[in-house]
Amino acid sequence: MTASVKGPASYFPSIEKKYGRPVAEWKDLIRSSPLNKHMELVTWLKEEHGLGHGHANALVAHTLAEAAAK
């Protein structure tokens, strides 16, 4: 039995479907951005790449949490 995905990662399938790019690519973009504050990155994804707020927020939250865990 598979556990359901919770938190920001639960958005990943719909992000890939809606924007046609793998999550790994979005995360690489976030990591390579000169920006480092959560809301700056969310705004950048929305304005420059056309993501919705929830999708941008989920990607940024997950990417920054990974970085903090290292």
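## Salt bridges

A salt bridge is a side-chain nitrogen of Lys or Arg within 4 Å of a carboxyl oxygen of Asp or Glu. By this rule there are four salt bridges. Lys-27, Asp-28, Arg-31 and Glu-66 are linked in a network of them.

The model is predicted: local features need pLDDT of at least 70, side-chain atom pairs count only at pLDDT 80 or more, and totals for chains, interfaces and linings use all residues. Residues are numbered from 1 along each chain as its sequence is written, and side-chain values use heavy atoms, leaving out hydrogens and water.

## The network

Glu-66 and Lys-27 pair at 2.9 Å, N to O. Glu-66 lies in helix H4 and Lys-27 in helix H2 (residues 23–32), so this pair ties together parts 39 residues apart in sequence. Helices are DSSP runs (H or I, at least four residues), numbered from the N terminus. Lys-27 is buried at 9% relative accessible area; Glu-66 is partly exposed at 31%. Buried means under 20%, exposed over 50%, partly exposed in between (1.4 Å probe, protein chains only).

Arg-31 bridges to Asp-28, with the closest N and O atoms 2.8 Å apart. The two sit three residues apart in helix H2, about one helical turn. Arg-31 is partly exposed at 49%, as is Asp-28 at 44%.

## Another pair

Glu-25 forms a salt bridge with Arg-21, the closest N and O atoms being 2.6 Å apart. Glu-25 is partly exposed at 33%. Arg-21 is partly exposed at 26%.

## Thr-63

Thr-63 belongs to helix H4 (residues 53–69). It is buried, at 3% relative accessibility. Leaving aside residues up to four places away in sequence, Thr-63 touches Lys-27, Ile-30 and Arg-31. Contact means heavy atoms within 4.5 Å.
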